[in-house]
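My notes follow in short entries.

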Amino acid sequence: MDVSTLLKERSSEKLKDFSAKLLPGTERERILGVKVSELRKLAKEIANSGDYRGFLEEKHYYLEETLLHGLILGYAKLTTEALIGEIEKFLPQADNWMVTDCTASGLKAVKKNRDAFYLKCLEWLKSEREYTVRFAVVILLGYYLDDDFRKDIPALLARYDTDSYYINMAIAWYFSVALVKHYDDVIGLFRTRAIVNPWVHNKSIRKAVESYRISDERKAYLRSLKRNK
C-alpha cells in the first residue's frame, strides 16, 4: 500500500500554505496539504481493510502520514490493551498540536474503556515529551468532563508548571470547559489562585467568558478574578 501516493493525489498547494501557517514548527516541505476530512475517510477505509500493520510500523515523514496513522488508530478494531500499546508507540512521532488533537478526537474507544485510558493519561501527563502531555490533556478534556468527570484532575492540572505554549493552551482549554460544565468544582482553584501559571489562569477565564453557557453574573465574577502576574 503506497500511502504517500494516495495522499499526494489528495493534496492542495493552497491547503499546504494554510497548514504551514498553523504549524510554525513544522517544515513546509513535510506538509502535503490534505483535508482532515479526506484523511478521516481514507483512515476508515484503510482500517476496515485490515491492511495497515505495515504502515503503523513506519517512521513517517509527511505531516499527513502521521495524521493518518493517528486517525487509523481511532477506527482500527483492536483490544483496549493493543490500542493503548499502539498509541504509546505512536506518540513519539506526534510533534505538533494538530496530530495530538486529531488523534485524540477520533479515539471513540475511550468512551468504552474510561478507566484504562484514565490511568494512561495520568502516566502521559508525566512525560517529558511536550505533545504526549498535550495529548493526555486533550483526552481528559474530550472524554472526562461530562458524565465521567474525574474531580482530581483539575487540581492536578492546576499544579502543572511548564513554559510550553501548547501544553498551557490545552490546560486553559480544559479549565474553560470545566468552568462551563463543573463550575462549582473548579471555581475554587481560581478564587485561591491555585493554578500556578498566571497565563493559564487568565486564558482559562478569557475562554470561559466567551461561552454563552455561562451566566452574565458568573462572567462578571470570573473577570474580577483575573491576575496581573
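**Entry 1: α3 and α5**

I looked up the crossing of α3 and α5, and it is right-handed. By the rule I used, a crossing is left-handed if the near helix is turned anticlockwise from the far one by less than a right angle, and right-handed if clockwise. I noted that this is a predicted model, in which local features need pLDDT of at least 70 and side-chain atom pairs count only at pLDDT 80 or more, while totals for chains, interfaces and linings use all residues. Residues are numbered from 1 along each chain as its sequence is written, and side-chain values use heavy atoms, with hydrogens and water left out.

Helices here are DSSP runs (H or I, at least four residues), numbered from the N terminus. I found α3 at residues 36-49 and α5 at residues 63-75, packed at an angle of about 55° with axes 8 Å apart. That makes α3 oblique to α5. Angles under 35 degrees count as roughly parallel, over 145 as roughly antiparallel, 65 to 115 as roughly perpendicular, and the rest as oblique. The axes are lines fitted to C-alpha atoms over the stretch in contact, and angles run from 0 to 180 degrees between N-to-C directions.

Next I listed the contacts (heavy atoms within 4.5 Å). From α3, Leu39, Arg40, Leu42, Ala43, Lys44, Ile46 and Ala47 take part; from α5, Glu64, Leu67, Leu68, Leu71, Ile72 and Tyr75. I sorted the contact of α3 with α5 by class and got 10 nonpolar, no polar and three charged residues. For this sorting, Ala, Val, Leu, Ile, Met, Phe, Trp, Tyr, Cys and Pro are nonpolar, Asp, Glu, Lys and Arg are charged, and the others, Gly among them, are polar.

**Entry 2: α8 and α9**

I then turned to α8 (residues 114-124) and α9 (residues 130-143). They pack at about 145°, with axes 9 Å apart. The crossing of α8 and α9 is left-handed. Arg114, Tyr118, Cys121 and Trp124 of α8 meet a set in α9 that includes Phe135, Ile139 and Tyr143. The classes in the contact of α8 with α9 are nine nonpolar, one polar and one charged.

Is α11 enclosed or open? I found 13 of its 17 residues buried, so α11 is largely enclosed by the rest of the structure. Buried means under 20% relative accessible area, exposed over 50%, and partly exposed in between (1.4 Å probe, protein chains only).

α11 and α13 pack at about 45°, with axes 8 Å apart. They are therefore oblique to each other. α11 passes α13 in a right-handed crossing. Among the residues in the contact are Trp173 and Phe175 of α11 and Trp199 and Lys203 of α13. The contact of α11 with α13 divides into 10 nonpolar, three polar and two charged residues.

I also looked up which residues of α13 are buried: Val200, His201, Lys203, Ser204, Ile205, Ala208 and Val209. These pack against α11, α12 and α14.

**Entry 3: two single residues**

Asp184 sits in helix α12. At 63% relative accessibility, Asp184 counts as exposed. Between Asp184 and Tyr160 I found 24 residues in sequence and 21 Å in space, C-alpha to C-alpha.

Arg193 is in the loop between α12 and α13. Its relative accessibility is 51%, so Arg193 counts as exposed. Most residues other than glycine have a negative phi. Arg193 has a positive phi of about 55°, although it is not a glycine.

Conventions: Helix = DSSP H or I, 4+ residues; strand = E, 2+ residues; numbered from the N terminus.
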